[in-house]
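Student: I have a structure to look at before class. Could you take me through its pockets and its metal site?

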Amino acid sequence: MSQLHAIAAQFAAGFASSGQAATAPVVTVEPLGNGNINTTYLVTISPSPASVSAKAAEPGQSGQRFVLQRINTDIFRQPELVVQNMTVLSEHLERHTGDLPRRWETPRILPTNSGDSFVVDESGGYWRAITFIENAQVFDTVKSPDHAREVGYGLAMFHTLLSTLPADSLADTLQGFHITPGYLAEYEQTLKSLPSSSRQPDIQHCLNFIEQRKAWAHVLENAKAAGELQLRPIHGDPKVNNIMLGPNGQAVSLIDLDTVKPGLVHYDIGDCLRSGCNPLGEETQNWRSVEFDTQLAKAMLEGYLTLASDFLTKQDYHYLYDAIRLIAFELGLRFFSDYLAGSVYFNVKHPEHNLDRALVQFQLTASIEKQETELKALIESLNPSSDQTP
Ligand code: GN1
Ligand code: MG
């Protein structure tokens, strides 16, 4: 048995005892998704004859698959807090998702065969398992305004469900996450050791781009410090390929819950829009052609506000444009800093990968800035307390 199969097997009986299958030999362990931090696999176990006849099981339809992840503990230094937050979330949702008008599912932690939350392998790697949302799909880019609307709706559903959970019941699994001034400070530190000889044009472009936006980059943290924006439970990473759609095209789940923690909903809204309104996607090689699609943003915000207008304040609306601009800029800064630091944070496929990714996010930021007037007018038109609302 390979090491991966052996680790998966340590969750398989726990999975079985959660009522999904009676016996559980691991059949396959396959890479899943394209996350930049953790390593993720989809495990298929063979259902017992009893559960096959009881559920008329078909592959992928009978719940005999689960997700296995190796947590990157260089980044999530207290993986037990990640599991703790997911448990708090599951318990909260169990109490509050009873009467939803449409399908909505949230991944849950699966225990090991001996009832623990993790398997620690021989080299100290932390492995955990979670349920796989069947009968749903993810996409790396948004395909249509309808898709955008559902992505927005899904994020709002998640925020709405969490809005009754006190933010301080969640631990901080990743300190400094989305605190742009913190990323700027790290960047400035890294810059000190950058030899001027290595400043090729693309690097120089990134340096200038950041330099021109340094003062503004404090905008959300300043608003938080001034009490204009409040901490709420957030997802932290609601990029478009973390929002699953069911066969009818409706959003059914928000996955990848490691960064659920107290934060500003603005981080989530910004992340959702910067990922969903970039039709070329964040991995494009063609950064000069990157554009922010304001029509998709309109649909996404409309979908979001279908539910979120119930809890957003006037100040929240006021900072929406900055949030959209800032989270694209912040991700560019994070990629660029990591490039300069030798790509120690984000997984890379080649040495220039993080530089390429930074150029994409900065081009997206520039496109957002070019459409500032249009975007602000759009946000204003969607704000129920605005004078311009018909
Ligand atoms: C990372 O690993 P993944 O792809 O789910 C990162 C996000 C970035 C994203 C960019 C914990 O998420 O903040 O937006 O890459 N997650 C963490 O693709 O830093
Ligand atoms: Mg993630």
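The questions and answers below cover the pockets, the metal site and one histidine.

Tutor: This is a predicted model, where local features need pLDDT of at least 70, side-chain atom pairs count only at pLDDT 80 or more, and totals for chains, interfaces and linings use all residues. Residues are numbered from 1 along each chain as its sequence is written, chains are lettered from A and ligands numbered from 1 in the order in which they are written, and side-chain values use heavy atoms, with hydrogens and water left out.

Student: Which element gives the most residues to the lining of the largest pocket?

Tutor: On a 1 Å grid over the protein atoms alone, a pocket is an open set of points where a 1.4 Å probe fits, with protein on both sides within 12 Å along at least five of seven lines; lining residues have an atom within 4 Å of a point. Helices (H or I, at least four residues) and strands (E, at least two) are DSSP runs, numbered from the N terminus. β3, β6, α8 and α11 each give two or more residues to this lining. The top contributor, with 4 residues, is α11.

Student: What is the volume of the second largest pocket?

Tutor: Its lining has 20 residues, and among the closest to its centre are N34 and R357. A volume is the space filled by probe spheres set on the grid points, which are joined across faces, edges and corners. For this pocket that gives about 390 Å³.

Student: Which residues coordinate the magnesium ion (ligand 2)?

Tutor: Donors are N, O and S atoms within 2.8 Å of the metal (3.2 Å for Na, K and Ca); water is not among the atoms, so sites may look incomplete. The donors here are OD atoms, at 1.9 to 2.0 Å. They belong to D237 and D256.

Student: Is D237 buried or exposed?

Tutor: Buried means under 20% relative accessible area, exposed over 50%, partly exposed in between (1.4 Å probe, protein chains only). D256, at 25%, counts as partly exposed. D237 has 19%, so D237 is buried.

Student: Which residues does H178 touch, not counting residues up to four places away in sequence?

Tutor: H178 sits in the loop between α4 and α5. At 2% relative accessibility, H178 is buried. Contact means heavy atoms within 4.5 Å. On that basis H178 touches Y183, E221, G236, Y267, I327, E330 and R334.
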